[in-house]
Amino acid sequence: ASVVCNQISSPTFSTTSFVSDSSEYIFYTDSLSNPVFTGNSFSSSNAKSCRVGILSEFSGNNFISVSKKGIELWGGTINENRVWSKQLGDMLYKVFWSDIIVENNPAVTLTISEGLELQFSDCGLRIGCSASTERGKLIAIGKSSDSIYFTNADGANWRGIIFDNGSDVTVTSSMKYCVIEDASSNNIYN
């Protein structure tokens, strides 16, 4: 990788160009590192763009000619408010390794912007937590011309979306103009 972050390192990058044609990833972190990316460009004809921690932040980045498109997110717990937005260029978010669990006390919100595609590989999205008083909220509001897609990654199983205990006790989740497709029956309730 052109840049690697390990052991809870979470630097901020802005107006930086990441270019690579030889490595598997342009940018790579372990599951505990959560960098912030604002106004950067990612370009590669051979490499994947990024593999980063679940709390990483992206805003106004441009993904140029990335042949293996997508920001890969290590699954895990979202315990701070987060907004996942569509970046410029041909890209999507891929979640792997573990379910995304949106929970905290007080409640936290995961907001997903219109036009975003989320692909899941052997994991799912869980709002709230069945075993505690942790609260979570999902706001996924697309547009009729720019829906939000939740689907599997490359034919892998994905566990769907689960609104668990604590998902709507003090806050209300909302989804509009979303497409939820190809979830398997392999979730915590089967």
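Residues are numbered from 1 along each chain as its sequence is written, and side-chain values rest on heavy atoms, with hydrogens and water left out. Because the model is predicted, local features need pLDDT of at least 70 and side-chain atom pairs count only at pLDDT 80 or more, whereas totals for chains, interfaces and linings use all residues.

**View 1. Strand β18 and its two parallel partners, β15 and β21.** Strands, like helices, are DSSP runs numbered from the N terminus, with at least two residues (E) for a strand and at least four (H or I) for a helix, and two strands are said to pair if DSSP finds at least two bridges between them. Strand β15 (residues 117–120) pairs with β18 in the parallel sense over 4 bridges, and L118 has F150 of β18 as its bridge partner. β18 also pairs in the parallel sense with strand β21 (residues 178–180), over 3 bridges, where Y149 stands opposite V179. Of the 5 residues of β18 (residues 148–152), 4 are buried, so this strand is largely enclosed by the rest of the structure; here buried means under 20% relative accessible area, exposed means over 50%, and partly exposed lies in between (1.4 Å probe, protein chains only).

**View 2. An open sheet of 4 strands.** The strands follow the order β3-β6-β9-β12, with parallel pairing. At the edges are β3 (17–19) and β12 (88–89), each of which pairs on one side only. Between β3 and strand β6 (residues 41–43) there are 3 bridges in the parallel sense, and F42 in β6 is the bridge partner of F18.

View 3. A disulfide is counted when a pair of cysteine sulfur atoms lies within 2.5 Å, and a search of the whole structure finds 0 of them. C5 is buried, with a relative accessible area of 5%, while C178 counts as partly exposed at 23%.

**View 4. E72 and the residues around it.** E72 belongs to strand β10 (residues 68–78) and is buried, with a relative accessible area of 8%. Its side chain makes a polar contact with the side chain of R51 at 2.8 Å; such a contact is a pair of N or O atoms within 3.5 Å, where within protein one must be able to donate a hydrogen and the other to accept it, and residues adjacent in sequence count only if both atoms are side-chain atoms. Leaving aside residues up to four places away in sequence, E72 touches Y25, K48, C50, R51, V52, K94 and F96, contact meaning heavy atoms within 4.5 Å.
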